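Thanks for making time this morning. I would like to walk through one structure, taking its charged pairs, then its pockets, and then some strand pairing.

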Amino acid sequence: MKIYAVGGAVRDELLGLAVKDRDYVVVGATPEDMTRLGYKPVGKDFPVFLHPKTREEYALARTERKTARGYKGFQVYAAPDVTLEQDLSRRDLTINAIARDPQGRIIDPYGGAEDLKRGVLRHVSPAFAEDPVRILRVARFAARFGFRAAPATLRLMRAMVDAGEADALVAERVWRELAIGLMEAAPSKMFALLRRCGALAHVLPELAAAWAGRAPYLRSQRALERAAARGCTLEVRYAVLACALAGADAPERESRRMSARLRAPADCADLALLALRHRVQIERGATLGPEAVVALLQASDAWRRPARFERLLEAAGICGDGRSRRSSSAPRLLVALRAARAVDAGALAARESEPHKIAARLRLARVAAVRSALAGR
């Protein structure tokens with residue numbers, strides 16, 4: 001039995017990056033061997049085990065054979081006669097098909113180390129085409145490292161899209177990969193690659209339509225770069241992405257469709273919708289009167305969700321001129337929010353003898369508080 005470190009840990013070590021998780025391949029062993037040594041089986045689709053002390057993952061060397069369309073249509077063969085090179089050959093990219101033995105020696109049968117130096121994302125073998133998730137993974141690695149796809153790999157990705165493989169991707173997997181890619185250092189590169197290979201029109205048709213023109217595409221890409229440079233949260237980055245839909249005939253409808261297609265979390269979907277709905281109003285916040293400011297705060301539910309309102313200001317600022325972290329009107333709107341929230345709604349309601357007038361009186365009190373606060377700035 002031989003054990004090798006593989007995949008991302010070896011890749012990141014060669015890049016001089018911090019390693020978060022380590023994975024291992026075990027050659028020449030059976031599931032019974034692993035269990036006898038104290039490893040705990042956890043794999044459902046193929047034999048994966050947890051180390052009894054470190055809890056790191058150890059997978060038996062395996063090969064895979066395509067049996068059906070999609071990313072689940074595989075038959076796995078894991079046995080002692082599977083070699084390390086065979087196991088590495090089933091991996092997606094050469095940079096992920098590098099191993100290291102216990103003595104620290106690098107085993108790199110597919111040239112991954114050289115591709116790391118050159119900044120190239122290259123598929124290991126034609127078997128790449130058997131798993132459509134790999135299209136998304138290549139795009140995600142482009143966002144993480146800023147690497148370019150090898151011409152042959154890009155052609156293969158296009159062929160996969162043309163063959164309908166991208167249509168087999170399920171929403172959960174698409175969202176998972178896109179969410180990770182959005183949080184990388186260069187998320188714009190992920191979407192650029194998905195657009196180049198044709199996959200964007202299948203996984204995010206709303207966005208593909210919005211980016212049909214060069215100017216909207218470049219404007220959106222620059223906004224994504226600003227969001228990444230400023231370390232924004234996933235909700236803000238997704239809202240910035242959704243702002244690309246502003247030029248559609250019905251942008252809010254398109255945003256809802258995109259979020260539903262991806263099954264995006266509610267906090268991401270809600271902020272995206274609010275950004276599309278109120279972005280222009282927020283950009284004009286420096287000139288809004290107290291009544292309009294209170295109406296904006298009311299419409300965005302800022303009373304109950306002040307932290308979300310701050311994220312909304314951040315997204316609006318990035319989608320606008322991009323000169324500041326938040327909209328240039330953000331300080332004024334935050335002063336107004338603090339003043340309006342300071343109004344004691346409970347006390348006002350207790351003093352009102354006609355319940356049907358409470359909402360109107362509360363609005364007037366908030367407008368008065370905002371007017372006073374803005375006058376004193």
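Predicted model: local features only at pLDDT ≥ 70, side-chain atom pairs only at ≥ 80, totals over all residues.

Let me start with D115, which counts as buried because its relative accessibility is 3%, where buried means under 20% relative accessible area, exposed means over 50%, and partly exposed lies in between, with a 1.4 Å probe and protein chains only. Residues are numbered from 1 along each chain as its sequence is written, and side-chain values use heavy atoms, with hydrogens and water left out.

The partner of D115 is R122, and the two form a salt bridge with their closest N and O atoms 3.1 Å apart, a salt bridge being a side-chain nitrogen of Lys or Arg within 4 Å of a carboxyl oxygen of Asp or Glu. R122, at 28% relative accessibility, counts as partly exposed.

The side chains of E184 and R144 meet at 2.9 Å, N to O, in another salt bridge. This pair links distant parts of the chain, 40 residues apart, with E184 in the loop between α7 and α8 (187-197) and R144 in helix α5; the helices here are DSSP runs of H or I with at least four residues, the strands are runs of E with at least two, and both are numbered from the N terminus. E184 is buried, at a relative accessible area of 13%, whereas R144 is partly exposed, at 29%.

R261 and E206 form a salt bridge as well, their closest N and O atoms being 2.6 Å apart. Here too the pair links distant parts of the chain, from R261 in helix α13 (residues 251-262) to E206 in helix α10 (residues 205-210), 55 residues apart. R261 is partly exposed, with 38% relative accessible area, and E206 is buried, with 5%. Salt bridges that share partners also join E13, R22 and R100 into one network.

Now to the pockets. A pocket, on a 1 Å grid over the protein atoms alone, is an open set of points where a 1.4 Å probe fits, with protein on both sides within 12 Å along at least five of seven lines, and lining residues have an atom within 4 Å of a point. The largest pocket has a volume of about 1800 Å³, where grid points are joined across faces, edges and corners and the volume is the space filled by probe spheres set on the points. Its lining has 44 residues, with D23, R62, R91, R137 and R176 nearest the centre. Helix α5 supplies the largest share of that lining, seven residues.

By class, the lining of the largest pocket divides into 17 nonpolar, four polar and 23 charged residues, with Ala, Val, Leu, Ile, Met, Phe, Trp, Tyr, Cys and Pro counted as nonpolar, Asp, Glu, Lys and Arg as charged, and the others, Gly among them, as polar. The second largest pocket holds about 260 Å³ of space. Of the 15 residues lining the second largest pocket, R219, C243, A244, A246 and R279 are the closest to its centre.

Finally, strand β1 (residues 2-6) pairs with strand β2 (residues 23-27) in the antiparallel sense over five bridges, where pairing requires that DSSP finds at least two bridges between two strands.
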